[in-house]
Amino acid sequence: LHNDQEAEAFFGRAVRIAREIGDRSGEADGMYRLGQMAADAGQVEEARHRLLAALHLANEIQEIPLLLDILLAFAGLLVQAVEPAARMLTALLLQPQLAEQRRQRATTALVALGEAGVETAYPAMELAELVRVAQTH
């Protein structure tokens, strides 16, 4: 396929044909691929909608390898959403007026994200030092 529009049209037709002939595996695979394309294009809601449809179909027919692929695609969407949030949390931690309870919650969240491999803008040791410094101001 030469471009994204051709690919989207191809997989859209594949999904329609799969539905018409009762090929639930083909339908789930086509929805998954359309979801991936939407995610790659930054169309998060469209990607989520298509991936969720694919997930339900793949689960109904117990298409385990496809289920895993779909779940990995969802994980990719989550990472795209979480990394900016982690950077915002980091910036908030540097604010000296942040209440201690909120500082602790933000620190806990950032540490968990860092342990999960999410880019937090600072390595864990550096983050701990930044938090310590911010608390003393």
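Q: Which residues in α4 do Ser-25, Ala-28, Asp-29, Tyr-32 and Ala-39 in α2 meet?
A: This is a predicted model, in which local features need pLDDT of at least 70 and side-chain atom pairs count only at pLDDT 80 or more, while totals for chains, interfaces and linings use all residues. Residues are numbered from 1 along each chain as its sequence is written, and side-chain values use heavy atoms, with hydrogens and water left out. Helices are DSSP runs of H or I with at least four residues, strands are runs of E with at least two, and both are numbered from the N terminus; contact means heavy atoms within 4.5 Å. On these terms, the residues named in α2 meet, in α4, Leu-66, Asp-69, Ile-70, Ala-73, Leu-77 and Gln-80.

Q: How do the residues of the contact of α2 with α4 divide by class?
A: Ala, Val, Leu, Ile, Met, Phe, Trp, Tyr, Cys and Pro count as nonpolar, Asp, Glu, Lys and Arg as charged, and the others, Gly among them, as polar. The contact of α2 with α4 accordingly divides into 7 nonpolar, 2 polar and 2 charged residues.

Q: Are α2 and α4 roughly parallel or roughly antiparallel to each other?
A: Axes are lines fitted to C-alpha atoms, for helices over the stretch in contact, and angles run from 0 to 180 degrees between N-to-C directions. Angles under 35 degrees count as roughly parallel, over 145 as roughly antiparallel, 65 to 115 as roughly perpendicular and the rest as oblique. Helix α2 (residues 24-40) and helix α4 (residues 64-93) pack at about 20°, with their axes 11 Å apart. The two helices, α2 and α4, are therefore roughly parallel.

Q: Which secondary structure pattern does the protein follow along the sequence?
A: The protein has 6 helices and 0 strands. Read along the sequence, its pattern is α-α-α-α-α-α.

Q: Are α1 and α2 roughly parallel or roughly antiparallel to each other?
A: The axes of α1 and α2 come within 8 Å and cross at roughly 155°. The orientation of α1 and α2 is therefore roughly antiparallel.

Q: How many nonpolar, polar and charged residues does the contact of α1 with α2 have?
A: On the side of α1, the contact includes Ala-7, Glu-8, Phe-11 and Val-15, and on the side of α2 it includes Gly-30, Met-31, Leu-34 and Met-37. By class, the count is 7 nonpolar, 3 polar and 5 charged.

Q: Are α3 and α4 roughly parallel or roughly antiparallel to each other?
A: The residues in α3 that meet α4 include Leu-51, Leu-55 and Ala-58, and those in α4 include Ile-70, Phe-74 and Leu-77. By class, this contact has 14 nonpolar, 2 polar and 1 charged residues. The helices α3 and α4 pack at about 155°, with axes 9 Å apart. The relation of α3 to α4 is therefore roughly antiparallel.

Q: Is Phe-74 buried or exposed?
A: Phe-74 lies in helix α4. Leaving out residues up to four places away in sequence, Phe-74 touches Arg-48, Leu-51, Leu-52 and Leu-55. Because its relative accessibility is 18%, Phe-74 counts as buried.

Q: Is Arg-50 buried or exposed?
A: Arg-50 belongs to helix α3 (residues 44-60). Not counting residues up to four places away in sequence, Arg-50 touches Glu-8, Met-31, Leu-34 and Gly-35. With a relative accessible area of 15%, Arg-50 is buried.

Q: What is the phi of Gln-62?
A: Gln-62 sits in the loop between α3 and α4, and it is partly exposed, with a relative accessible area of 49%. Although Gln-62 is not a glycine, its phi is positive, at about 55°.

How values were computed:
Buried < 20%, exposed > 50% of the residue type's maximum accessible area, 1.4 Å probe, protein only.
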